[in-house]
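Please open the model in your viewer and keep the selection tool at hand. The stops below take you from one selection to the next and say what is found at each.

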Amino acid sequence: MKLFLSVLLNCIVIVALSACNMPTVVPATDTPAPIPATNTAVVNTEIPAPPPLSITLGETNDSQGITLDRGGDVDTQAVSIGTPALSARSSGNGQVISGGDTTPDSYIQFNVDDERLFGGAPTAHVRVEVDYFDQGTDSFNLQYDAVPFGASDGKFAGGGSVVKTNTNTFKTASFNVCDANFANRDNGADFRISDNADGAEIIRAVRVVELTGGDAKVNVDDFGANPFDEQPDSEAIQSVLDSACSGDTIVFTSPESDLAYRGYLIARTIFLTGMSAKHDLTFTSFDPNDHALLQATADLKGFVVRLFARSRFSNAGDIDNIDFGNIDVNGGRDVRQCLGSDQSINGVDDNWGSWLPECTQAGDPWCSPGNIGMDGAMDNLDVSQNFLENPSRWTIGIAVHDLVNSDTECGTALAFGSAGGRIENVTIDTAGDHVHAPGCTLTDDDGDAGGWSDGITLFGPAHSVTANTIINPSDVGIVYFGGKNTFIAGNSILIEAGNYGAFAGIALHPWTFGDVSGVNIVGNQVTSEGDTRCGGLHTGINLGPHMWGGACVGSATGAVYGNSGSCSNDPTQSEVATCSTGNCQLWAYLPTSATLMLRDNVVTGANINYLIEGVDNIGEFIDENNISQTPQVSDWQAAKSGCNGVTWGALDKVAHHPQLAGYTDLRIHCER
């Protein structure tokens with residue numbers, strides 16, 4: 001069983017870029033760059049530019065509208081470093097700075113002149129430039145007083161993170177801050193640099209550049225991306241995303257029938273929200289009816305597109321209302337590998353990984369060579385799934401629509417974990433490789449027999465998954481790992497003729513959120529034309545997790561339901577309750593007065609067309625007008641000669657846990 005759960009790490013955020021075609025970190029000049037004027041001529045009378053907001057640090061600090069704090073955990077010490085030697089100041093790396101107080105020091109803290117910037121006025125959009133000595137491979141980050149938004153008070157907001165590369169030169173990091181409040185609320189200051197206690201930071205100068213505000217519409221080509229050449233475009237695209245602000249629209253050039261159009265070549269995962277948790281972003285093509293293309297290259301490690309980088313910030317619950325549509329994505333299945341020569345997903349001879357320092361555990365699905373990762377924040381401990389009253393714990397309102405998502409290597413074509421999201425009119429064409437029977441030809445000729453992939457991997461409550469077409473998934477077409485009030489309706493899942501195969505067309509497997517109240521699986525069509533020995537479809541629609549080895553987990557989270565303790569071939573329904581820790585045998589839980597609807601679906605050609613195994617239906621299970629047509633065996637049994645010593649033929653409908661009228665009672669407990 002491959003669970004593509006998003007691990008939301010508690011890191012602080014990353015840097016953002018402000019100038020076209022420039023890297024996030026650039027070599028520092030010997031003197032601070034001049035600050036452009038923010039005022040313009042009025043009635044032909046020149047208004048002088050405001051004095052620069054800057055501070056140059058050393059034995060004596062040169063303050064121009066920015067002052068350095070001292071005391072507490074923000075004491076610093078003067079140093080001389082570099083060739084030629086330059087004056088600067090160093091942080092404490094979690095140790096007490098000599099000559100200060102007895103508090104360990106880890107921060108370098110600054111105040112901006114209140115008459116220049118205060119309370120988000122005259123602008124909340126600024127660029128913070130930091131000249132630092134690039135010594136060691138440790139990290140530092142920016143924390144600042146942000147304009148309050150939603151459930152966040154804005155104090156100590158994450159503004160960006162830098163990992164040093166040990167060049168022993170001075171460099172400049174630019175942090176794009178879209179919501180600077182700078183009202184002295186961060187321990188009396190406006191912003192600070194944290195050395196993360198993993199290595200001291202040596203800072204020579206800091207500048208604050210005032211930028212214009214307002215929502216923007218930006219074409220990535222203006223930052224150096226070019227869909228007509230053979231050069232990778234991901235760094236240029238990322239520079240746009242790092243400097244974007246909430247409310248912006250990011251536009252990609254459409255082909256317009258130009259034969260020279262190659263699409264945007266993605267050699268590094270592009271992270272849509274850049275360096276901080278943003279909201280109300282739109283990603284689209286210049287002509288929505290003529291889709292731009294994001295094309296994975298052979299060098300790409302990890303996903304083509306991700307909602308955010310977990311190494312850059314931890315407050316993913318503040319990501320809301322992101323619209324990604326009318327842009328096609330190709331995962332490069334023909335040039336990328338899942339397992340490599342060692343048959344392990346670890347980044348050795350394969351495309352697992354990331355260009356950011358966030359993939360340290362081999363096999364971590366976050367780093368799989370998938371296509372689109374739109375999994376945001378979820379409160380996995382909230383049994384009630386109450387995202388409306390706890391918005392800071394959930395990513396809300398993500399939309400993926402009107403696009404073709406093709407050629408996924410492995411992992412998932414579309415990971416989608418959040419609340420209140422929408423997946424609509426998406427075509428997923430070929431994801432992973434399912435072939436595992438001896439002597440059968442792989443559908444992806446890279447020698448990688450274990451590179452399986454879901455079509456849509458779904459988590460969380462209140463989603464709408466409608467009118468999508470999924471062709472040749474190799475794990476599950478649409479797998480839903482639990483949540484309430486989600487509609488999966490009007491979708492088509494097809495296993496084509498040949499050695500294509502999958503475990504399930506649609507599966508309700510509440511591995512994350514056990515309460516499935518109000519879930520509707522309506523009007524879907526699941527069809528298998530796959531070879532019965534080398535492919536095919538094991539089960540068309542599967543409700544309940546027991547097919548997957550009895551749904552036994554060794555470490556339960558607080559929002560699941562099941563039998564605590566040891567697992568059983570025939571667990572007792574009356575003992576189903578929330579599992580908070582330890583071993584748990586999971587169920588799909590339907591409380592009193594709740595409904596689970598399975599209606600008007602058509603399944604054709606699966607080994608078991610409908611399989612219900614592990615549904616605790618205390619409430620009402622509505623099973624109406626579900627059509628089963630010509631079930632046929634798949635490589636499920638051809639390769640394994642049955643499961644757990646049990647064999648069965650092709651069957652229309654099977655139900656165990658619970659037993660249902662009109663269904664064959666048969667315990668499966670076997671995914672392959």
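Two strands are said to pair if DSSP finds at least two bridges between them, and the elements themselves are DSSP runs numbered from the N terminus, helices (H or I) having at least four residues and strands (E) at least two. This is a predicted model, in which local features need pLDDT of at least 70 and side-chain atom pairs count only at pLDDT 80 or more, while totals for chains, interfaces and linings use all residues. Residues are numbered from 1 along each chain as its sequence is written, and side-chain values use heavy atoms, with hydrogens and water left out.

Now widen the selection to the open sheet of 10 parallel-paired strands, in the order E17-E20-E23-E25-E27-E30-E33-E36-E43-E47.

Next select helix H1 (residues 234-243), where 9 of the 10 residues are buried, so the helix is largely enclosed by the rest of the structure. Buried here means under 20% relative accessible area, as against exposed at over 50% and partly exposed in between (1.4 Å probe, protein chains only). The cover over the buried residues of H1 includes E17, together with strands E11 (170-177), E14 (217-219) and E15 (249-252), among others.

Then go to Tyr107, which lies in strand E7 (residues 107-112) and is buried, with a relative accessible area of 17%. Counting as contact any heavy atoms within 4.5 Å, and leaving out residues up to four places away in sequence, Tyr107 touches several residues, including Asp73, Thr76, Gln143 and Arg192. The C-alpha atom of Tyr107 is separated by 8.4 Å from that of Asn196, which is 89 residues apart from it along the chain.

Move on to Ser90 in strand E6 (residues 86-90), a residue that is buried, with a relative accessible area of 6%. Apart from neighbours within four places in sequence, the contacts of Ser90 include Thr76, Ile97 and Ala200.

Finish with the largest nonpolar core, whose 87 residues include Phe252, Tyr264 and Phe283, among those that touch the most other members. A second, separate core of 34 residues includes Trp452, Phe459, Phe513 and Leu651.

Key. Core = buried A, V, L, I, M, F, W, Y, C linked by side-chain atoms within 4.5 Å.
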